[in-house]
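Hi,

Here is the structure I said I would pass on to you.

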Amino acid sequence: MKSGKSLSGLRLNTLLLLNSGARHGYELIKDLRIISGRKVSPGQVYPLLKQLQNGRLVQITSRGERDKKVYALTKTGRRVVTESISKLGGLLDFFLQSKITACAHCNCEVYRGGYKVSVGPKTLYFCCKDCAEAYRIMK
Ligand SMILES: [Zn+2]
């Protein structure tokens, strides 16, 4: 980001949650606890929301019952989130692709726990022992 602050942790989670729908502050805190699996305090969230408002990523859309503020992404906020998601997606694809090997027999993608067989100088990867055996029989 141009601000030099990385979209990570609490900040990213907050933007992702608001991207899925506007929320009251207390709902946001509750959901942040759920998705992060950590203790998230109002003392962390409200200053962050203020900072995001100042950065024009978040706005207060309405005041609901008992004067509770509802936080929502601005148009800029939505764009930032969309860009971050596509960057994260690209990164995730990269890491997944580097871990994928195709089974030499059935050609299915093997993410983990593949079956490795050395055939002469080559190492072949299979999704399972049965595929390795079937491949051996076919040759
Ligand atoms: Zn296979």
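Helix α1 (residues 9–19) packs against helix α2 (residues 25–36), with the two axes 10 Å apart and at an angle of about 115 degrees. Axes here are lines fitted to C-alpha atoms, for helices over the stretch in contact, and angles run from 0 to 180 degrees between N-to-C directions. The crossing of α1 and α2 is right-handed (the near helix is turned clockwise from the far one by less than a right angle). On the α1 side, the contact is made by Leu10, Asn13, Thr14 and Leu17, and α2 brings Leu28, Asp31, Leu32, Ile35 and Ser36 (contact: C-beta atoms, placed from the backbone, within 7 Å).

Two things about the numbers: this is a predicted model, where local features need pLDDT of at least 70, side-chain atom pairs count only at pLDDT 80 or more, and totals for chains, interfaces and linings use all residues. Residues are numbered from 1 along each chain as its sequence is written.

Now the whole chain. You'll find five helices and seven strands, in the order α-β-α-α-β-β-α-β-β-β-β-α from the N terminus (DSSP runs numbered from the N terminus: helices are H or I with at least four residues, strands E with at least two). The C-alpha atoms fill a box of roughly 75 × 30 × 20 Å along the principal axes. Among contacts between residues at least 6 apart in sequence, 34% join residues at least 24 apart. As for burial, 18% of the 139 residues count as buried (20 or more other C-beta atoms, placed from the backbone, within 10 Å of the residue's own).

Cheers

Note on methods:
Buried ≥ 20, exposed ≤ 12 C-beta atoms within 10 Å, placed from the backbone. Contact = placed C-beta atoms within 7 Å.
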